[in-house]
Amino acid sequence: VINEIDKAWNKIIITINDGDFRSFKSSYHRDAILVNGILDKCYPIKKAFDGWKQGFIDTKEGILDANLELKFSRRVFDSFTAHEIGIFHYYTIDNKGKQTDSYVHFESLWLKKQNKWFMLMENQVSRTNKEEWDKFKSGI
């Protein structure tokens with residue numbers, strides 16, 4: 001099961017690297033929710049997509065190089081559900097070589113339907129930093 005969930009995460013990573021917005025969106029359940037602990041808000045993932053779309057366009061056009069790395073502190077799952085806690089490192093590099101980093105504590109909630117894993121909820125709990133990222137051991 002953990003290999004299947006890792007494959008779902010790897011699909012997200014690849015779609016971010018490639019700027020493939022359509023495939024990225026397909027990793028989420030159509031009724032998924034984003035909990036934005038940083039802004040203390042909660043809303044449908046479709047609203048979050050509106051804010052993220054330009055980054056995918058810029059990546060697809062070669063304006064940005066976008067990347068995602070993940071490390072986990074807890075992964076609980078069965079054959080059809082999963083809950084994970086960790087830190088993600090999202091970063092972009094622009095045409096001038098300037099790197100912008102974001103380290104975020106997150107939780108994800110997944111559901112397996114018709115042999116495919118879909119994220120039901122992404123909770124971006126709070127910002128963190130590289131020092132805390134470096135302390136985490138488990139990543140994919």
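Q: What is a salt bridge, and how many are found in the whole structure?
A: A salt bridge is a side-chain nitrogen of Lys or Arg within 4 Å of a carboxyl oxygen of Asp or Glu. A search of the whole structure finds four of them. This is a predicted model, where local features need pLDDT of at least 70 and side-chain atom pairs count only at pLDDT 80 or more, while totals for chains, interfaces and linings use all residues. Residues are numbered from 1 along each chain as its sequence is written, and side-chain values use heavy atoms, with hydrogens and water left out.

Q: Which residue forms a salt bridge with glutamate 4?
A: Glutamate 4 pairs with lysine 112, and their closest N and O atoms are 2.9 Å apart. To place the two, we need helices (H or I, at least four residues) and strands (E, at least two), which are DSSP runs numbered from the N terminus. Glutamate 4 is in helix α1 (residues 2-18) and lysine 112 in strand β5 (residues 99-113), so the bridge ties together parts that are 108 residues apart in sequence.

Q: Is lysine 112 buried or exposed?
A: The words have cut-offs: buried means under 20% relative accessible area, exposed over 50%, and partly exposed in between (1.4 Å probe, protein chains only). Lysine 112 is buried because its relative accessible area is 14%.

Q: What does lysine 112 touch?
A: Contact means heavy atoms within 4.5 Å. Not counting residues up to four places away in sequence, lysine 112 touches Glu4, Ser79, Phe80 and Trp117.

Q: How accessible are aspartate 6, arginine 75 and glutamate 84?
A: Aspartate 6 is buried, at 16% relative accessible area. Arginine 75 is partly exposed, at 21%. Glutamate 84 is buried, at 1%.

Q: How is the span of a helix checked, and what is the result for α1?
A: The expected span of a helix is 1.5 Å times one less than its number of residues. For the 17 residues of α1 this gives 24 Å, and the end C-alpha atoms are 24 Å apart, which agrees. After α1 comes glycine 19, whose phi is positive, near 70°.

Q: Which residues of α1 are buried, and what covers them?
A: An α-helix has 3.6 residues a turn, so residues three or four places apart point the same way. In α1 the buried residues are Ile5, Asp6, Ala8, Trp9, Ile12, Ile13, Thr15 and Ile16. Their cover includes α2 (21-25), α3 (45-60), β3, β4 (81-94), β5 and β6 (116-127).

Q: What is lysine 11 in contact with?
A: Lysine 11 is found in helix α1 and is partly exposed, at 28% relative accessibility. Leaving aside neighbours within four places in sequence, lysine 11 is in contact with Ser23, Ser26, Ser27 and Lys116. Lysine 11 and serine 23 are twelve residues apart in sequence, and their C-alpha atoms are 8.2 Å apart in space.

Q: Where does lysine 98 lie, and is lysine 98 buried or exposed?
A: Lysine 98 is in the loop between β4 and β5. Its relative accessible area is 54%, so lysine 98 is exposed. Not counting residues up to four places away in sequence, lysine 98 touches Thr92 and Ile93. From lysine 98 to proline 44 is 32 Å in space, C-alpha to C-alpha, and 54 residues in sequence.
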